[in-house]
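Thanks, everyone. Let's take a quick look at this one on the screen.

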Amino acid sequence: MAASQIITCTPGGEEKHPSIADEDISEEGGDPFSFNTWIDDNQLHELKDIFLTLQMTTPSKLHTGSTEFGQLMRDPRVLQKAYLIPVLMDALAVLKLPSVRHRPNIVFLSAEEEAAMTRLNE
């Protein structure tokens, strides 16, 4: 017997999907990605159901060149929350730069501090 998927609706008529994005997703050659963490980190809770409806839950779908992105930007629910579009664009930009998510800490030293570090390491 094939597994069935249950989708319920909120009183406002929005679809509620099962938590298909609760687990970390690791795309081929990529770092683990948690859709829910990405939503939380970027304060995009108001758009979460739209992302789920469009199946935009992986880095390969969360970019401005995807077909789903065009659908997202035309969705009236997004247009009603246009104030979130700059937040969304910033969140998508960070996904393009995986090194930003896992960049080592960088510390800038003055010339005096650098000289002191050099003396310590000798």
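Start with Gln-43, which counts as exposed because its relative accessibility is 54%. Exposed here means over 50% relative accessible area, buried means under 20%, and partly exposed is in between, with a 1.4 Å probe and protein chains only. This is a predicted model, where local features need pLDDT of at least 70, side-chain atom pairs count only at pLDDT 80 or more, and totals for chains, interfaces and linings use all residues. Residues are numbered from 1 along each chain as its sequence is written, and side-chain values use heavy atoms, with hydrogens and water left out.

Where does Gln-43 lie? In the loop between α1 and α2. Helices are DSSP runs of H or I, at least four residues, numbered from the N terminus. Phi of Gln-43 is near 55°, a positive value. Most residues other than glycine have a negative phi.

Now Gln-55. Its phi is near 55°, also positive in a residue other than glycine. Gln-55 sits in the loop between α2 and α3. With a relative accessible area of 54%, Gln-55 is exposed.

On to the interior. A nonpolar core is a set of buried Ala, Val, Leu, Ile, Met, Phe, Trp, Tyr and Cys residues joined through side-chain atoms within 4.5 Å. The largest has 20 residues. Phe-35, Trp-38, Phe-51, Leu-62 and Leu-72 touch the most other members. α1 (35-41), α2 (48-53), α3 (67-74) and α5 (85-96) each supply at least two residues. α5 gives the most, four.

Last, Leu-72. Beyond its neighbours within four places in sequence, Leu-72 is in contact (heavy atoms within 4.5 Å) with Ile-50, Phe-51, Leu-54, Met-56, Val-78 and Leu-88.
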